[in-house]
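I opened the coordinates today and kept notes on what I looked up.

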Amino acid sequence: ELIKEKETALEEVRQEFVKEKETALEEARQELIKEKEAALEEAKKEMEVAIEQAKQELDKEKETALEEARQELIKEKEVALEESNKEKETALEEARQELVKEKETALEEIRQELIKKETALEESKKEKEAALEEARQELVKEKEIALAEAKKEKEDALEEAWRK
């Protein structure tokens, strides 16, 4: 009868330990999910802000380049009007070609800068995801160690109780 009581008690302790272990693992899983979702949301928001800023900067630079080109063209037209028709046509064509080249160069530089920013944002996002995964794995290891230690302590306690 004493053996049956000990076996019953041992089974109850084992079941309790299993329930505690399952609860702890579920809590750890939920915590990791929340942390990952929060980190991904933050990275998404940062990326959206950076892209919006880059777009605004690109728009401003385009407007400035176009306004400068327009002003330069106006000045060159005024000078050309004072010269002969042939000189006017030549000056205007040269000015137009120069403005086209400058505009294309400015736009290409802006495009390259935007590409660099987008690449940097993607790299940042990947680094954040890698760091989050590393932290998650570390947390899982720590929880597994803690559960193993708890199991060992319970087993020692059961063994001690069994001896008594």
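The entries below go from overall shape to one leucine.

Entry 1, ground rules. I am working from a predicted model, in which local features need pLDDT of at least 70, side-chain atom pairs count only at pLDDT 80 or more, and totals for chains, interfaces and linings use all residues. Residues are numbered from 1 along each chain as its sequence is written, and side-chain values use heavy atoms, with hydrogens and water left out.

Entry 2, fold. I looked up the secondary structure and found two helices and zero strands, taken as DSSP runs (helices H or I, at least four residues; strands E, at least two) numbered from the N terminus. The radius of gyration is 36 Å, well over the 15 Å from the globule rule for 164 residues, so the protein is more spread out than a compact globule. That radius is taken over C-alpha atoms, and the rule is 2.2 Å times the number of residues to the power 0.38. I noted a C-alpha trace spanning about 125 × 15 × 15 Å along its principal axes.

I took contact as heavy atoms within 4.5 Å. Of the contacts between residues at least 6 apart in sequence, 86% join residues at least 24 apart. Buried residues are 10% of the 164; buried means under 20% relative accessible area, exposed over 50%, partly exposed in between (1.4 Å probe, protein chains only).

I placed Leu 107 in helix H2, residues 85-163. Leu 107 counts as partly exposed because its relative accessibility is 34%. From Leu 107 to Arg 70 I read 37 residues in sequence and 16 Å in space, C-alpha to C-alpha.
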